[in-house]
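Visitor: I am new to this structure. Please take me through one part of it closely.

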Amino acid sequence: MDTIRIVLAGQPNVGKSMLINAMSGSNGLKVGNFSGVTVEKTEVCFEHHCHQFEMVDLPGTYSIRGFSQEEKVAHNYLQNEEYDVIINVLDSTHLQRNLLLTLELLKLNKKMVLALNMADEAKKEGIEIDVKQIEAIIGVPVVSVSANTKMGVEELLEKIHEVADSPKREDSNIVYSDAVEEEILEISTFLDDKGFKIRDLSSREVAIRLLFEDKDLYKELHDEPIMMELQPILLKSLQHIYTHHETKNITEIKYNEYNAIARGIRMETVQCGRNRGGKNRTKKIDDILINKYLGIPIFLFLMWGLFQLTFELGAVPMEFIDAGVSAFGDWIGSTISNEFMRSVIVDGIIAGVGAVLLFLPNIIILYIGIALLETTGYMSRVAFLLDGFFHKFGLHGKSFIPLVTGFGCSVPAYMAARTLKSEKDRLITLFIIGFMSCGARLPIYVLFTGAFFGQDQAGNMLFVIYISGALLGLVMAKALRVFVFKGEDEPFVMEMPKYRLPSLTLMWHTVYNNAKSYVKKAGTFILGASVLIWVLATYPNQPILEKEYKSKIELIKDTKEVIKLENELKLKKLENSYLGQIGKASEPFFAPLGFDWRMTVALEAGLAAKEVVVSTLGVLYAIGDNVDENSNALANELKANVSFASAMAFIVFVMIYLPCLAASMVFAKEAGGYKYLVYLFFFTTVTAWILSFITYQILA
Amino acid sequence: MKLSELKKGDSALIKKIDTNEALKTRLASFGVVRGSELTIEACSMGKKTMEILVDGTLIGLRGDEAEKIEVEKI
């Protein structure tokens, strides 16, 4: 069976993903990354008329000549990879702007098909497009399609066969401005007179590329004798064009020409009927949603709703999952007689898998929310509204959503940062998400503020903790921008897409793929790491100690005494485990902050999950691990053993240091490698240490 | 005058774009070049960001980027 390799290229918001789904029947979609970068790559394979279609979806870009990561990825792929046909997807309702990319793609000299998507929408808006005329001008087949209604999809697939089988692309009949055309004629006539040929380019095409300073062509021509004679002609031609365009910047001239051509094609082929309904609706909605005064309150309200939904609604299945996993663990545990195996499977593996699954409801709900914001076109408005504030701190308007999500849980927050398209913006946002205290840190704060401030003041202190964490994050963002991610800001020029009703199929695919990739990728690492932490906290075995306590417990009848002894055993075991040993060994490091070895061990256990900090403190203060933040016994014990200054330093440290294992793994994946996790570890630990040190020294 | 000096509802013709290459390329790929006609659709508080309509496309840009675009009001 023959294979046809196809590349999909197009600007953002033209419905490329929808079209892929429509063409392939959404079977065999594979979502991954382009090698070495965190730019999403969708691949799909399917059969059509006894041919294997292998399709790669390039990131949506407005140009392939730009400087953004997506644009570089798209350009590299189109230039260097092997493929047979480019499908250039265009939005029928924004033909002129979309044609700018088409003009760039034409320069690749590859076989191509234009798919004018959203034909149904264009029809509704009264836009009529002369497909045959566009075909005549551009020189490649043009198909009017709608991914929504599946209209024209079959025709598009047929055309791909046709184009793949054709020997060569036809020349296009694009006309430049008079000044440029004159010079093209001059140069191409000269080339014809000399009988000069290079590659399979026509003389006209060579002339155009010479005038627009095509670097590759100049390299090839460098050693050709014809260059001698060509040079003076070219210089004269360029002079003429410079005068005409009032600039000597050839890139600018090229874009001015492209824009004029695109406008020309639109005027020649598009009939705009009576009403532009979509436009007017978008304008009307924009009048409210990005209103100078109403915009931000409306947005905050919507965010509040999403946030509530994520963590309130998400809490319901989370409870079930939690209960289900521990019940399952107990059940499995009861069937295994070997003590060691049971411990590995129940406390290590099942608990680890449970930790992965626990975040799934949050991630799914959050992704539904984000997919809604993005597919309706509201996300761009969010960036528009908030960019003024966030840009001051070296962030982007879109950073708001991951940051605010960070108050709930860092795992979905890191994943939400994907909506940031610029590498620098994304990394800075990822690095400061941890400063937004997540829900799992709350019990630690409640415990300590309750113990040291009393119930009436605790609420206020909590507020101070959250706010100062967020402010610190913003200051850190600025510092990162100034000292680490230097250089010029990414320009904030973004399309404000038309408001659209969300497409259920597309949302389903986004949510499903993201959830799947989380479970698959994060799952394996989180699982491995959970088992590791469990090993550290359980080993080495201490049979002598256990025997000693067992015999002691057997002698005593009083249940209270028994519990006390059991707790003591837990304490001793943890103290002598690898984790305890690490804690004790690192005690000198934390001594300047006023932490004893118990607080140190609790902090280190907190690297696995912040929920563990409180229960570890319970064990270490010999109260048992069945404590929560409202436990008076633990609060009293803390108050008796920990100084006020140490406690405050501890809170500061918890606010800042590395998020839990699950989050750290997701961070590494989203940032693009483990080296970033190492950076994050040092960044957060150093910051936490210094600020805790200051806190302790001031208060002590 | 500068694009950043226009108010909501104003229309103008672009005279000159005085920015670095990266921004110029980005603007051009949206159809914002010398000679394009634009309308201001919205401004955020303090004109930190502006929304303009060029050839049927709504584009958001920063105020300090708009400062570098020379226009003629029409």
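Guide: Helix α3(A) passes α11(A) in a right-handed crossing (right-handed if the near helix is turned clockwise from the far one by less than a right angle, left-handed if anticlockwise). The model is predicted: local features need pLDDT of at least 70, side-chain atom pairs count only at pLDDT 80 or more, and totals for chains, interfaces and linings use all residues. Residues are numbered from 1 along each chain as its sequence is written, while chains are lettered from A and ligands numbered from 1 in the order in which they are written.

Now the two helices. α3 covers residues 95-106 of chain A, and α11 covers residues 250-269 of chain A. Helices here are DSSP runs of H or I, at least four residues, numbered from the N terminus; strands are runs of E, at least two. The pair packs at an angle of about 125°, with axes 8 Å apart. Axes are lines fitted to C-alpha atoms, for helices over the stretch in contact, and angles run from 0 to 180 degrees between N-to-C directions. That angle makes α3(A) oblique to α11(A). Under 35 degrees counts as roughly parallel, over 145 as roughly antiparallel, 65 to 115 as roughly perpendicular, and the rest as oblique.

Next, the residues. From α3(A) come A:Leu95, A:Gln96, A:Leu99, A:Leu100 and A:Leu103. On α11(A), the contact includes A:Tyr258, A:Ile261, A:Ala262 and A:Arg266. Contact means C-beta atoms, placed from the backbone, within 7 Å. The contact divides into 8 nonpolar, 2 polar and 2 charged residues.

Chain B also meets chain A. There, 32 residues of chain B are in contact with 29 residues of chain A. The largest share of chain B's side, 9 residues, comes from α1(B).

Conventions
Contact = placed C-beta atoms within 7 Å. Nonpolar A, V, L, I, M, F, W, Y, C, P; charged D, E, K, R; others polar.
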